[in-house]
Each structure stands twice: as structure tokens, then as C-alpha cells.
Amino acid sequence: MQKTIIRERIRAILNTFDHIPRAHVQSFGCQLNFCDGEKYKGVLQDLGYELTEQPENADVILFNACAVRAHAESRVIGRLGTLKPIKEQNPRLIVGLCGCMAEEEEVRALLKKSYPFVKLILGAGAMERLPESLLAIYEGEKRHEELEFSGLPDETLPTVRDSVFQASVPVMYGCNNFCTYCIVPYVRGRERSRTPDAIEQEVRSLIEKGCREILLLGQNVNSYGRGLEEEIDFPALLQRLDRIPGDYFIRFMSSHPKDATPKLIDTMLQSEHIEHHLHLPVQCGSNRVLQEMNRRYTTEKYLELIDYTRKKAPDFGFSSDLIVGFPTENEADFADTMRLIEYVKYDNLYTFIYSPRSGTPAAEMPFASTQEQISLRMKQLLARQREISEEFNKRFLGKKVRFLAEKADSETGMVQGKTREGMMLEVPGKTEDVGKMWDAEVTGVKNWALTGRILTK
């Protein structure tokens with residue numbers, strides 16, 4: 001009842017505008033942030049705003065920003081600065097910062113001092129408070145903050161999907177791991193799992209509407225189910241979703257190596273729809289550094305799962321995250337990382353130079369290496385990974401793969417998408433082919449993708 005009253009009061013205010021009220025939402029950072037951005041769009045549209053891609057035309061501008069890396073935060077702050085002249089031209093404009101970044105005290109202090117036109121601050125766990133926050137500002141409040149976690153987001157929140165054939169579905173929120181370099185547990189809170197019924201209902205609805213790829217999200221999906229009344233773990237959830245009829249892929253991220261098990265691998269290999277690819281962030285190949293990162297596994301334990309999987313399915317794909325330049329990393333530690341990538345033969349690596357996050361233990365650690373040394377290590381890592389990828393990708397030559405077309409390039413006449421093994425594949429195609437599932441034969445290999453030809457359409 002209260003939500004209806006708030007919505008109607010906002011709509012009454014919007015009816016006084018001499019134009020159609022418009023809202024612009026821009027998300028930065030991880031997939032979960034973009035998923036949250038779709039909900040912000042849904043709530044704004046439900047309130048009566050028309051969505052626009054042009055911030056200069058908007059009456060509400062929300063930046064939904066990630067706090068994981070300092071460089072990304074600097075980029076968002078820079079983008080906020082560009083909104084000042086827009087605010088001057090439209091005094092009614094409400095500018096807001098949402099998401100993990102809004103949870104940081106230092107960021108809020110900076111906004112208050114240097115960006116006073118940012119009137120709305122909405123934390124990552126306060127998404128459903130957007131309507132009353134907007135109403136408070138419309139009714140005269142100079143600056144409004146909502147930071148408290150409200151548990152799980154309201155399951156009835158409307159969503160505006162950015163794609164008709166790909167969709168992200170959160171299965172859990174928050175993190176309990178407290179890696180020493182990571183700020184996520186401080187800004188996203190502790191782990192909270194959605195019920196399996198709610199997840200299945202959302203996934204089933206998406207597939208029935210023609211969605212071809214479901215990406216399950218969580219800071220650590222392998223922790224799914226802890227704290228729920230129903231006894232269920234992540235492999236059991238995957239088995240339940242895999243039984244939904246249709247032609248689609250199920251992907252997921254992220255998996256913490258300490259919680260990834262042979263049961264997870266067996267579930268993936270025995271499924272009809274789940275990808276045969278696992279993104280398993282190792283972060284570093286040195287046991288000493290892993291301990292200082294508080295990752296709670298060793299490289300030996302990590303490689304046990306790799307070996308178990310490759311013994312059962314030699315073509316199974318792995319990708320990973322790697323941090324180069326963690327404060328205590330030295331040349332010997334980096335050499336351990338290089339040995340690890342030689343052994344695993346990742347299909348793809350997401351590599352990052354360490355980014356200090358204020359408030360985390362690693363931010364207080366002295367650096368064992370210079371920035372020049374760290375940059376050289378990154379170049380060396382990337383160069384070798386390109387060689388590994390191109391060589392190992394040859395295992396797909398001549399093989400038949402299932403393929404979802406994701407985007408088209410009209411200039412080259414090529415369509416690009418992912419196979420069930422998580423590999424990028426390019427084939428000849430047209431814009432109207434995007435969103436379709438095909439069988440294809442792999443005919444060529446690059447260091448970042450496969451090339452092929454369509455067998456069936």
C-alpha cells in the first residue's frame with residue numbers, strides 16, 4: 001500500500017513537467033552491477049519515466065558504480081564531473097550515485113565536498129528504496145542517502161532487460177570470504193541466497209520468452225544455499241534449472257576455488273544445458289601470496305580440480321582472474337604464476353594490476369616490487385597467455401560445436417558469439433542472425449577466438 005502511495009505521489013509530480021520525464025541509467029563494473037542497473041531502469045519506468053540513452057535529455061541520472069578497482073572509481077568520478085553543466089541547464093535534474101561505490105565513506109565525503117549537485121546516494125543493498133528517495137528530493141530534501149542493507153531485493157521489482165536473448169539472474173548476494181585485497185564484503189554485505197523457487201520461476205519465464213543464455217550471478221555461487229531453510233547447494237540448483245525444457249545455455253560466475261568441488265564438475269558434464277567451461281579465479285600461483293590474500297586454498301588443491309575435470313573431459317574450458325603486483329609479490333611468486341598458467345592452459349585470462357582499496361588489509365602492506373617491475377610482469381604474462389591460448393585452442397579444429405550468435409559486424413559480414421565450451425566463435429552471418437542458436441564446425445584458430453562455418457540454421 002505504501003509503495004503504491006509513493007508511486008502515485010511521484011507520478012503526480014511528473015505530471016507537472018512540461019515534457020515527458022526521462023531517466024538515464026549507466027552501470028559500471030561487474031555483471032551483477034549491470035543486472036542491478038536493469039532493475040533501476042525497471043523501477044524508473046514503472047514510476048513514469050521514459051528511459052533515454054542521452055544524459056543531457058534526462059531528468060534523473062543514476063550512475064550505478066562498482067567499487068572493486070580504484071581506476072574504475074576514478075572513471076566514474078570523472079563522468080560525474082561532466083554532468084555539472086547538464087544540472088545547471090536543468091535545475092530539476094536529480095543526479096544519483098548507486099551501487100557498491102556509494103557505500104564507501106570516502107566517496108560520499110568527496111561527493112559532498114566537490115560534487116554537491118549529486119543529491120541522491122543509494123547503496124548496493126538499498127535498491128528498492130529508490131522511489132521514496134526520489135520523492136524525498138522532489139519534496140525538498142537537499143541530499144538523500146539510503147545505505148542500509150534490506151536483505152534480499154524485492155522479488156517483485158520490475159526489470160528492463162538490455163537483451164531479449166541473454167539475461168543475468170542473481171542467485172545470491174554478498175560475500176563472506178574477506179580476501180585481503182577485496183572491498184566487496186564491506187560494500188555488498190554478508191551472503192544471502194535467493195530461494196530456489198524464485199530463481200527457477202525467473203529462469204523458466206525468461207526461457208519461455210525466448211531467452212537463449214542465462215548467466216547465474218553471485219560473488220561466490222558455490223556458497224549458494226547456506227542459510228536457506230531448504231537444504232540445497234549450487235550443484236543441486238543447477239540440476240533443477242537444467243531440467244527446464246528449451247534450447248538454451250546456462251552459464252555462471254563467479255566460483256571460489258575453495259568451494260568448487262568434483263560434484264560441481266560432474267553436474268556440469270552430465271547436464272543438457274550447462275556450459276562446459278568454468279571461470280575459476282586463482283588470482284596468483286604462489287602459495288605464500290595466496291595465504292596473504294586469504295584465499296584459503298593452495299595451488300596444489302586448485303590443480304586437483306583441474307586434473308579431475310580434464311581427465312573426464314579433455315576439451316573442458318577454464319578461464320581465470322589473475323592479479324599481478326599484489327603488494328608482497330616478488331619475482332619468485334610471479335614465476336609460480338607463470339608455471340601455473342603453463343600447466344592449466346587457460347582458454348582466457350582476465351588480468352589486473354593490483355589496485356589498493358582503502359579499508360582492506362592489503363592496502364596497508366608495503367610493496368615488494370616497483371611499478372615498472374609489475375608492468376613488465378603483466379606484459380610477460382599477457383604475451384605468454386596469447387601463445388598458450390592459440391596453441392590450446394587447436395583442440396577444437398574440425399569439431400562440431402553449439403553456438404549462440406551474440407553480435408554482428410556488418411562491415412566484415414561476420415557474426416560473433418560463444419560456444420557451450422565458453423569459446424568465442426566467429427562465423428559468416430548477418431545482423432538478423434543475432435540471438436539464434438546454431439551448430440557450427442570450427443575451421444580456424446586465433447589467440448582470442450575460433451572461426452568456423454554454420455552447419456545448421
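**Aromatic pairs and overall fold**

Tutor: To begin, Phe316 and Phe318 are both buried. Keep in mind that this is a predicted model.

Student: How are the rings of Phe316 and Phe318 arranged: stacked, tilted or edge-to-face?
Tutor: A pair of aromatic rings is described by the distance of the centres and the angle of the planes. For Phe316 and Phe318 the centres are 5.2 Å apart and the planes make 55°. Planes under 30 degrees apart count as stacked and those over 60 as edge-to-face. The pair of Phe316 and Phe318 is therefore tilted.

Student: And which arrangement do Tyr115 and Phe117 have?
Tutor: Tyr115 and Phe117 are buried. Their ring centres lie 6.1 Å apart, with 70° between the planes. Since an angle over 60 degrees is the criterion, this pair is edge-to-face.

Student: How many helices and strands does the protein chain have, and what is its radius of gyration?
Tutor: The protein chain contains 14 helices and 19 strands. For 457 residues the globule rule gives 23 Å, and the chain comes close to this, so it is as compact as a globular protein of that length. Its radius of gyration is 23 Å.

Student: What share of the residues in the protein chain is buried?
Tutor: Buried here means under 20% relative accessible area. Of the 457 residues in the protein chain, the buried share is 57%.

Key:
Residues numbered from 1 in each chain as written. Predicted model: local features only at pLDDT ≥ 70, side-chain atom pairs only at ≥ 80, totals over all residues. Heavy atoms only, no water. Helix = DSSP H or I, 4+ residues; strand = E, 2+ residues; numbered from the N terminus. Rg over C-alpha atoms; globule rule 2.2 N^0.38 Å. Buried < 20%, exposed > 50% of the residue type's maximum accessible area, 1.4 Å probe, protein only. Phe/Tyr/Trp six-rings, centres within 6.5 Å; stacked < 30°, edge-to-face > 60°.
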